[in-house]
Amino acid sequence: MKGRGTGDRTKATPPGSLGFSGPPGQNRTRQRRKIWVVQGLIALSLILGMQLLNMVAGNLVMPTPLSVLRQAIDMWADGTMGWALWESLAVLGAGFGLAATSGVFSGILLGGIPFLGRVFAPFVTAMNSTPGAAFIPLIIVWFGLYTEAKIVLVWHAAFFPILISTAAGISTANRDLTEMAQSFGAGRRVLFWQVMVPDALPSILSGLRIGAAVSTVGTVIAELTMAQSGLGGLMIAAGNRFQMDRYFAVVVVLMALGTLISLGLRQAERRFARWRVVMAEAR
Amino acid sequence: MGEAALISLQHVGKSFKEGTLQVLDGISFDVRAGEFVSVVGPSGCGKTTLLRLINGLLAPDQGTVRVKGAAPVPNSDLAMVFQSARLLPWRTVAGNIDFVLALRRLSRKDSAARTMALLGAVGLRDFADAYPHELSGGMQSRVGLARALAVEPQVLLMDEPFAALDAMTRETLRAELLRLWSRRRMAVVFVTHDIDEAILLSQRIILLRPRPGRIEEIVSVDLPEPRWQNDPRGLPAFAQLRGHLWGRIQGMARDGVALEDLARAFPETEGQPRAEG
Ligand SMILES: Nc1ncnc2c1ncn2[C@@H]1O[C@H](COP(=O)(O)OP(=O)(O)OP(=O)(O)O)[C@@H](O)[C@H]1O
Ligand SMILES: [Mg+2]
């Protein structure tokens, strides 16, 4: 059976640690199946709710699920959705890519060199605490309304969470391990790249996960507030014309996109920081 | 002692917190090449600090530390075994040993062969590709020991390496350590809380008193070798040494060292006269 393979996982989680979990083993897969069933029911009732709301309050308040589906098919078929998705992904990818590289790099510097970290701490805090929207006018004045400006906005939104997470991970690197490496004669470079950075990998990855989520939000905001484009532009255009079925079709794509990104990154976190995950589970 | 000292400490003092906390004071002793010396003392008397000084991770405030006639630098023929194994969790068992071998600039091929040989020596050949979190505490300690032996040190510095283990594993690892030591004959400085363990393993015992850490007494242990074959614990000489050491500890207590410190320091040696205050 397919579920059997995951059964050995239960060893890592002491029974009762979740408060509600029953005896381990087979029951575990049965319980997972139960969760899926309930989740399916909830999704179904949401769709039914849409239909119901439509019948009570009319098309303007809530489109029927079927019309949303029909619109979605049309928009995919005539290429509108594909093009919008591509535009959004370009902004998101470029902005997040820049934020990830520059954020991890600066985070490593600021976390690894205590002097730099201390010098820049207030500035980082100030920038990170300012709502991102405050910089939109400035970005527009400096970079215009088009793709470059949007990329800058996304970069700015994602850069600080990534930097902060990375720096924190490096600066709190396990002292026991660094001392061990030093006692065997590790130089600064080895200490840094082979002990502190791998030790910080879980926080770097969780910084990237937060950064990706923020980037998605930033992309849509950029597409709404600057020259309308991509999924954000499509969405606001449909909303402004009260084409709610069209609007919902876009929202569903945005939802799926955000979910896929965070699932992908969580998977990466699992993979590269397996030891951390297992240690956390064993606790 | 004598002129052939491998490690030589003279009037060593060390303090922390800008000199307000004197941890070690006037520590002088030598360790010859191939000698097994234990350091015993209550918690907080500076045993770990002493090892760090010998390793060169710390520099003394007063006095001198010499290893092979020079101030020690981490790396030069010294290896540490820590109380917790301190393995890199993202590397496999073999990878952890490769890590220190790479620090010693060993070629990859030699390194792989030596890694396997060492894992064999500590009985973990089958676990070369396992990750530390997949090992029991005792197995992790063995990897820590194998890692230290891998660099073929002239000095092995061990900081309560078996304290966190259960009695049975500890017993096995003690025997293993003695066996490896008798084969390789590196000098060992072994920090422990356990007086029986100190007598069982070492040729000399350095007894420290706390606050600040000073040498209370240095005791030679003359028990028949090899001790992993004939357990000396039944011998009258063993009992006598143990009685002597406990006498000194009670003496410390009479001199005003807080009793609970000592009780915590020597917890699991059962059946000896308790210190009465
Ligand atoms: N880096 C440091 N900074 C400040 N104080 C320190 C530092 N290292 C050690 N100390 C202090 O020095 C004293 C001795 O510490 P040390 O770790 O050497 O004791 P120990 O004998 O190994 O104790 P234990 O048996 O509990 O391991 C302690 O009071 C400790 O708080
Ligand atoms: Mg200690």
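About 1900 Å² is buried between chain A and chain B, buried area being the accessible area (1.4 Å probe) that two parts lose on being put together, summed over both. Carbon and sulfur atoms give 70% of this area. The model is a predicted one, in which local features need pLDDT of at least 70 and side-chain atom pairs count only at pLDDT 80 or more, while totals for chains, interfaces and linings use all residues. Side-chain values use heavy atoms, without hydrogens and water, residues are numbered from 1 along each chain as its sequence is written, and chains are lettered from A in the order in which they are written.

At the interface, 18 residues of chain A are in contact with 24 residues of chain B (heavy atoms within 4.5 Å). Three salt bridges cross between the two chains, a salt bridge being a side-chain nitrogen of Lys or Arg within 4 Å of a carboxyl oxygen of Asp or Glu. A:E179 forms a salt bridge with B:R86, with 2.6 Å between the closest N and O atoms. On the side of chain A that touches chain B, the elements giving two or more residues are α7 (175-183), α8 (188-225) and α11 (274-282); helices here are DSSP runs of H or I with at least four residues, strands are runs of E with at least two, and both are numbered from the N terminus. The largest share, seven residues, comes from α7(A).

A:F105, A:L109, A:I113, A:F115, A:V119, A:F120 and A:F123 make a nonpolar surface patch of about 710 Å² (residues with over 30% relative accessible area and no salt bridge, nonpolar side chains joined within 5 Å). Both α3 (80-112) and α4 (114-129) of chain A supply at least two of its residues, and α4(A) gives the most, with four.

Over all chains, the salt-bridge count comes to 16. B:K14 pairs with B:D61 in a salt bridge whose closest N and O atoms are 3.6 Å apart. Because B:K14 lies in strand β1 (residues 5-16) and B:D61 in the loop between α1 (47-55) and β4 (62-67) of chain B, the pair ties together parts that are 47 residues apart in sequence.

Methods
Patches are made of residues with over 30% relative accessible area and no salt bridge: like charges are joined within 9 Å, nonpolar side chains (Val, Leu, Ile, Met, Phe, Trp, Tyr) within 5 Å. Accessible areas come from the Shrake-Rupley method with a 1.4 Å probe; for residues, only the protein chains shown count as cover.
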